[in-house]
Amino acid sequence: MTDASRETPTLPLNLTRLLLLLPLLSVGGFTVLMMFLCSIFGQWGLSGLQLITMADTAAPSVMLAFVLGALLCVPVMFAYAGGWLYRETPRASVTIALWIVAIVSGALWFVGPLGLPLRLVLVFIATVAAARIILDARIAKPNTRWPEAAVTIIPALPAAFWMAGSIGAFHGEVVKVGFVRDLIVAEIDGAPCDGDLLWLGERATVVRCAADRKDIRIMTTREGLPMTLRR
């Protein structure tokens with residue numbers, strides 16, 4: 001007879017799957033981070049693989065994870081709040097209206113004359129509507145693991161444009177101001193030129209010279225380099 005008190009407790013199925021996927025998620029996240037960093041260094045005309053060390057990836061990984069988390073959570077929060085606006089409206093009418101908003105706002109992403117800020121606003125609205133469609137589908141069918149495939153996949157398409165567009169805008173901003181925002185160095189203190197500090201890593205420091213904004217200089221990271229805030 002087996003002593004039940006000595007049996008090893010089993011983990012919940014969802015937790016077991018998460019633990020099995022954790023190594024893959026870690027490798028995938030690190031790959032995405034390195035692609036992001038190398039793309040920025042490439043815009044500066046530098047090789048990220050030669051300048052970035054493992055220790056350098058800690059702060060950018062937290063920053064990128066925060067940005068991705070915010071981009072995913074904010075539309076869902078708006079979608080939850082939006083449910084209170086039409087709680088007395090027939091669900092069929094609301095669903096049709098949400099589909100129209102999601103499709104029209106998402107389609108306007110492809111309109112050429114619109115600038116990126118307006119396109120991001122429109123695709124954000126489409127993502128909120130899409131998230132509300134999925135939430136309503138889950139509420140209507142609480143006993144199903146997921147709503148119908150079309151209800152899940154098609155409304156989620158605006159979220160892909162929202163994420164891609166926002167990350168692209170964030171990428172462009174980092175290319176312009178760097179990872180060490182508002183810090184400047186002076187040639188007289190040992191920097192290669194007077195300019196903005198773009199990257200302060202374990203192996204190298206990257207400076208954009210003030211005289212020629214296209215002139216990117218590299219120097220070995222060292223202690224004692226005076227850095228001042230841009231006024």
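Q: Phe-124, buried or exposed?
A: Phe-124 counts as buried because its relative accessibility is 16%, where buried means under 20% relative accessible area, exposed over 50%, and partly exposed in between (1.4 Å probe, protein chains only). Bear in mind that this is a predicted model, in which local features need pLDDT of at least 70 and side-chain atom pairs count only at pLDDT 80 or more, while totals for chains, interfaces and linings use all residues. Residues are numbered from 1 along each chain as its sequence is written, and side-chain values use heavy atoms, with hydrogens and water left out.

Q: OK, and how many aromatic pairs does the structure hold?
A: There are 7 aromatic pairs, counted when ring centres of Phe, Tyr or Trp (its six-membered ring) lie within 6.5 Å, with planes under 30 degrees apart called stacked, over 60 edge-to-face and the rest tilted. One of them is Phe-78 with Phe-124, an edge-to-face pair with 5.4 Å from centre to centre and 85° between the planes.

Q: Which helices do Phe-78 and Phe-124 lie in?
A: Phe-78 belongs to helix H3 (residues 58–82) and Phe-124 to helix H5, so this pair ties together parts that are 46 residues apart in sequence. Helices (H or I, at least four residues) and strands (E, at least two) are DSSP runs, numbered from the N terminus.

Q: What about Phe-124 and Trp-162, how do their rings sit?
A: The ring centres of Phe-124 and Trp-162 are 4.9 Å apart and the planes stand at 55°, so the pair is tilted. It also links distant parts of the chain, with Phe-124 in helix H5 and Trp-162 in helix H6 (residues 149–177), 38 residues apart. Trp-162 counts as buried because its relative accessibility is 12%.

Q: And which residues form the aromatic cluster?
A: One aromatic cluster is formed by Phe-41, Trp-44, Phe-179 and Trp-199.

Q: Switching to cysteines: how many disulfides does the structure hold?
A: The structure holds 1 disulfide, meaning a pair of cysteine sulfur atoms within 2.5 Å. It joins Cys-193 to Cys-209 with an S to S distance of 1.9 Å, and with -95° about the S-S bond the link is left-handed.

Q: Where do Cys-193 and Cys-209 lie?
A: Cys-193 is in the loop between strand S1 (183–185) and strand S2 (195–200), and Cys-209 is in strand S3 (residues 204–209), so the pair ties together parts that are 16 residues apart in sequence. Cys-193 counts as buried at 7% relative accessibility, and Cys-209 is buried too, with a relative accessible area of 3%.

Q: Which residues are linked in a network?
A: Glu-173, Lys-176 and Arg-181 are linked in a network of salt bridges. Within that group, Arg-181 bridges to Glu-173 with the closest N and O atoms 3.5 Å apart.

Q: What is the phi of Asp-182?
A: Asp-182 has a positive phi of about 65° although it is not a glycine. Most residues other than glycine have a negative phi. Asp-182 lies in the loop between H6 and S1 and is partly exposed, with a relative accessible area of 33%.

Q: Last one, which residues make the nonpolar surface patch?
A: Ile-96, Ile-100, Val-104, Leu-108 and Val-111 make a nonpolar surface patch of about 400 Å². Patches are made of residues with over 30% relative accessible area and no salt bridge, joining like charges within 9 Å and nonpolar side chains (Val, Leu, Ile, Met, Phe, Trp, Tyr) within 5 Å. Accessible areas come from the Shrake-Rupley method with a 1.4 Å probe, and for residues only the protein chains shown count as cover. Leu-108 sits in the loop between helix H4 (91–107) and helix H5 (116–140), and counts as partly exposed at 31% relative accessibility.

Notes. A salt bridge is a side-chain nitrogen of Lys or Arg within 4 Å of a carboxyl oxygen of Asp or Glu.
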